[in-house]
Amino acid sequence: MRSEEARLREIQELAFHVMDDIHLNKSKRDEDDLKAAVDNLSRAVGMFSDPHKNVSLDYVEEKVVKAHQLIVKSKRKVSMVKVK
């Protein structure tokens, strides 16, 4: 099983990748995907601001992975060309 520190590093890398892709990629994007990705990232950050320190790493990981799927992986779908 991975340590919490290793999981946090992986989550952080995914979150950085999502934000870099949002800010540096100037291609046209679906506004709903952008809103959903930002919502997922903000929910993940909100989990860390719990004053009682009840942080669910599974929840944070789920939200960041979902944002990554919406932004980074959806880009791959757009680049595919359908040939008849």
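Helix H1 (residues 4-24) and helix H2 (residues 31-48) have axes that come within 12 Å and cross at roughly 145 degrees. The axes are lines fitted to C-alpha atoms over the stretch in contact, with angles from 0 to 180 degrees between N-to-C directions. Helices are DSSP runs (H or I, at least four residues), numbered from the N terminus. The H1 and H2 crossing is left-handed, meaning that the near helix is turned anticlockwise from the far one by less than a right angle. H1 contributes Leu-8, Ala-15, Val-18, Met-19 and Ile-22 to the contact, and H2 contributes Leu-34, Leu-41 and Phe-48.

The model is predicted; local features need pLDDT of at least 70 and side-chain atom pairs pLDDT 80 or more, while totals for chains, interfaces and linings use all residues. Residues are numbered from 1 along each chain, and side-chain values use heavy atoms, without hydrogens and water.

The largest nonpolar core has 15 residues, and Val-18, Leu-41, Val-60, Val-64 and Ile-71 have the most contacts inside it. Such a core joins buried Ala, Val, Leu, Ile, Met, Phe, Trp, Tyr and Cys residues through side-chain atoms within 4.5 Å. H1, H2 and helix H3 (57-79) each supply at least two residues of this core; the largest share, 7 residues, comes from H3.

Arg-7, found in helix H1, counts as buried because its relative accessibility is 12%, and buried means under 20% relative accessible area (1.4 Å probe, protein chains only).

| Residue | Contacts (heavy atoms within 4.5 Å) |
|---|---|
| Val-60 | Ile-11, Ala-44, Met-47, Phe-48 and Val-55 |
| Arg-7 | Arg-2, Leu-57, Asp-58 and Glu-61 |

Note on methods
Contact means heavy atoms within 4.5 Å. Buried means under 20% relative accessible area, exposed over 50%, partly exposed in between (1.4 Å probe, protein chains only). Lists of a residue's contacts leave out its neighbours within four places in sequence.
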